[in-house]
4 protein chains.
Amino acid sequence: MTACSPWPSRSWCWRSRCPPGAEDDLLGALLDQWPSYLAYVVSFATVGALWLGHTAITHYLHGASPLLLRLNLLLLLVVAFLPFPTRLLAETVEHDEGGNVATTFYGLTLLAASGLTSIIWRYAVRTGLVRPDVSNAEVAVISQKLTPGLVFYVVMIGLGLLAPVVAVLGYLAIAVFYLVPIRSLRRRT
Amino acid sequence: MTACSPWPSRSWCWRSRCPPGAEDDLLGALLDQWPSYLAYVVSFATVGALWLGHTAITHYLHGASPLLLRLNLLLLLVVAFLPFPTRLLAETVEHDEGGNVATTFYGLTLLAASGLTSIIWRYAVRTGLVRPDVSNAEVAVISQKLTPGLVFYVVMIGLGLLAPVVAVLGYLAIAVFYLVPIRSLRRRT
Amino acid sequence: MTACSPWPSRSWCWRSRCPPGAEDDLLGALLDQWPSYLAYVVSFATVGALWLGHTAITHYLHGASPLLLRLNLLLLLVVAFLPFPTRLLAETVEHDEGGNVATTFYGLTLLAASGLTSIIWRYAVRTGLVRPDVSNAEVAVISQKLTPGLVFYVVMIGLGLLAPVVAVLGYLAIAVFYLVPIRSLRRRT
Amino acid sequence: MTACSPWPSRSWCWRSRCPPGAEDDLLGALLDQWPSYLAYVVSFATVGALWLGHTAITHYLHGASPLLLRLNLLLLLVVAFLPFPTRLLAETVEHDEGGNVATTFYGLTLLAASGLTSIIWRYAVRTGLVRPDVSNAEVAVISQKLTPGLVFYVVMIGLGLLAPVVAVLGYLAIAVFYLVPIRSLRRRT
């Protein structure tokens with residue numbers, strides 16, 4: 001098996017710490033990789049929430065300006081980068097050394113993606129790209145929904161320097177918060 | 001060749017057991033990897049069946065609720081996770097040790113995906129998201145089609161602890177069963 | 001560099017034979033990998049030709065039957081499998097041992113994809129899925145275009161057992177032949 | 001950790017040079033990989049610019065000819081190839097040996113993609129595929145926008161043989177230049 005090292009490590013071990021003798025105790029090896037599953041779920045939930053938010057935003061616009069397209073590309077650049085900090089997090093979140101660096105790096109990427117989504121929405125509102133039939137109340141509800149997540153990300157990034165695993169659970173909580181439908185807009189989103 | 005280990009192992013050896021001297025007997029090495037081909041076909045057939053089922057379901061709906069979108073994201077999370085248990089299965093299904101763990105892990109993933117598809121359909125029926133022109137008989141036919149697969153998955157997961165290869169063939173049989181068109185709905189699906 | 005073996009080998013060496021000292025002569029190492037570039041171009045051209053053919057076929061249909069959807073899934077299964085024989089070809093086409101096995105394996109995959117495309121078209125014609133406004137002459141032109149490629153694939157698969165590189169160039173020729181537009185249908189495809 | 005070599009090297013080290021003891025100083029290891037981030041941003045910006053240019057071009061066409069579809073496939077072939085020179089660049093741009101080869105190889109790929117985009121546009125103009133309601137002035141503005149980038153790519157490819165990092169920054173500048181919206185066409189792109 002050592003002759004073909006990449007494959008076993010790739011599928012049996014998502015993270016760097018691969019206990020010797022993993023073949024004999026595959027169940028233990030799979031359970032031992034909980035950081036990989038956690039990182040996968042957090043990143044998936046965050047991208048899912050960003051996608052829902054992005055769909056809601058574009059639903060309210062009647063057109064796009066050239067700058068909006070460029071901001072959108074910037075958001076895509078950050079989201080396409082996410083797998084790298086996700087893997088880094090999965091490998092190191094348990095470790096004393098490196099775990100806090102990886103969690104901070106991961107949190108900054110999530111903050112960048114959420115911040116860009118918020119910027120795209122605010123830019124669209126200010127430059128009159130929102131459909132005229134959308135009421136000011138609806139615009140305010142969406143703007144309010146986008147703000148607390150950003151504040152919470154900053155708090156979690158700070159916390160991640162001390163307690164990485166807690167911060168990751170916090171990132172999951174933010175994604176779940178974003179995923180909860182907005183009650184007053186229910187019929188439209 | 002040892003200097004560049006990843007590539008040969010990646011393409012010559014889909015699984016962990018890479019017989020020494022595979023270069024001299026490439027045909028034998030390719031044939032020896034039947035678990036990889038089997039796992040690929042079973043996963044592909046299952047995803048194909050899920051996709052057809054999902055298409056049929058959305059075809060019968062006149063709209064989506066916020067919760068339906070979230071259930072859909074959950075289904076996507078499970079389907080996007082499938083390559084990991086598929087590789088694990090391909091590597092270990094033949095082995096005495098680990099083969100049953102990998103097969104159970106694989107079966108649970110398939111059960112989760114099928115179960116979520118069934119939940120999405122039942123949720124849509126109960127909350128009135130099905131188009132009004134769809135008859136109750138048609139709704140019942142689809143509901144009936146989705147149930148036996150779930151029962152069979154549970155049986156196969158139990159069997160997989162004893163005879164992994166048989167269980168994998170059972171998973172293939174379920175996918176093929178799902179892929180057979182529903183006769184009474186033929187003109188619509 | 002040996003500490004991080006996967007990355008260098010992944011990007012510097014597409015194939016298994018990675019000359020020692022590749023870092024010092026990167027240009028030579030890049031040129032030495034011509035089988036990888038050739039395999040990439042042949043597979044890309046074949047998938048491109050299949051895609052154009054598939055687009056032309058669906059353009060002529062007024063609907064899909066359940067069986068057509070399943071045949072389509074089968075074609076997708078083969079096309080999604082293509083990267084594996086492509087890499088195998090890139091690694092071994094130069095070698096005395098294994099080169100002919102890899103070329104045959106590759107050719108059989110291309111034959112399966114082309115054959116399924118042809119079967120999909122013939123099935124659509126026979127079951128009346130072609131739009132009524134399409135003349136018999138047009139149907140005949142497409143059917144004729146799809147046949148010679150299959151014969152040529154069979155010939156090349158045989159030749160590949162003796163002269164792998166010649167067969168690969170033959171596969172490229174077939175893809176180019178498919179890519180040449182049909183003159184009498186020019187305005188529609 | 002050596003037992004599972006691929007994962008750590010994959011996520012901790014994007015490039016070939018992975019300093020020993022990277023686990024102890026993850027922050028330093030991450031910062032040390034600036035060529036990977038630079039290469040990612042340059043490739044992403046270039047593909048983004050090509051995508052915007054391509055969207056603008058297809059927006060001005062009223063149809064496609066068979067040859068246009070083939071030119072489009074050729075562009076896709078080059079863009080799909082880009083990840084390979086990007087990784088090569090990330091690994092070697094700092095090195096004395098190989099850095100200039102990788103930068104030239106990368107620049108030639110970017111030049112091919114930009115050149116093909118320009119050829120597609122000129123071909124569409126000459127064969128009358130541009131919508132009749134588009135004024136000659138608008139056509140001229142787009143043609144002018146596409147040309148200087150090509151000249152600049154040739155200059156940078158030459159410069160890359162001497163100063164690879166400067167050339168990469170030049171490639172970034174070209175992508176940013178392409179990404180700046182055309183003022184006189186603003187309402188349409």
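Here is a short chat about helices and a nonpolar core in a predicted model.

Student: Hi! How many helices and strands are there in chain A?
Tutor: Chain A of this predicted model has eight helices and zero strands. Along the sequence the pattern reads α-α-α-α-α-α-α-α.

Student: And what percentage of chain A is buried?
Tutor: Of the 189 residues in chain A, 40% are buried. As for contacts in chain A between residues at least 6 apart in sequence, 73% join residues at least 24 apart.

Student: Switching to chain B, at what angle do H4 and H6 pack?
Tutor: H4 (residues 66-81) and H6 (residues 99-126) of chain B pack at about 165°, and their axes are 9 Å apart. Angles over 145 degrees count as roughly antiparallel, so H4(B) and H6(B) are roughly antiparallel to each other. The crossing of H4(B) past H6(B) is left-handed.

Student: Which residues meet there?
Tutor: On the H4(B) side they include B:Leu71, B:Leu75 and B:Phe81, and on the H6(B) side B:Ala113, B:Leu116 and B:Tyr123 are among them. The residues of this contact comprise 14 nonpolar, three polar and no charged.

Student: Now the largest nonpolar core: which residues touch the most other members?
Tutor: Those are B:Leu89, B:Ala102, B:Tyr171 and B:Ala175, out of 38 residues in that core. Elements that each supply at least two residues include H2 (26-31) of chain A and H5 (83-92) of chain B. H6(B) gives the largest share, 10 residues.

Student: What is B:Tyr171 in contact with, leaving aside neighbours within four places in sequence?
Tutor: B:Tyr171 is in contact with B:Val42, B:Thr46, B:Gly107, B:Leu110 and B:Met156.

Definitions and conventions:
Residues numbered from 1 in each chain as written. Chains lettered and ligands numbered in written order. Predicted model: local features only at pLDDT ≥ 70, side-chain atom pairs only at ≥ 80, totals over all residues. Axes fitted to C-alpha atoms, helices over the stretch in contact; angles between N-to-C directions. Helix = DSSP H or I, 4+ residues; strand = E, 2+ residues; numbered from the N terminus. Parallel < 35°, antiparallel > 145°, perpendicular 65-115°, else oblique. Left-handed = near helix turned anticlockwise from the far one by under 90°. Contact = placed C-beta atoms within 7 Å. Nonpolar A, V, L, I, M, F, W, Y, C, P; charged D, E, K, R; others polar. Core = buried A, V, L, I, M, F, W, Y, C linked by C-beta atoms within 7 Å. Buried ≥ 20, exposed ≤ 12 C-beta atoms within 10 Å, placed from the backbone.
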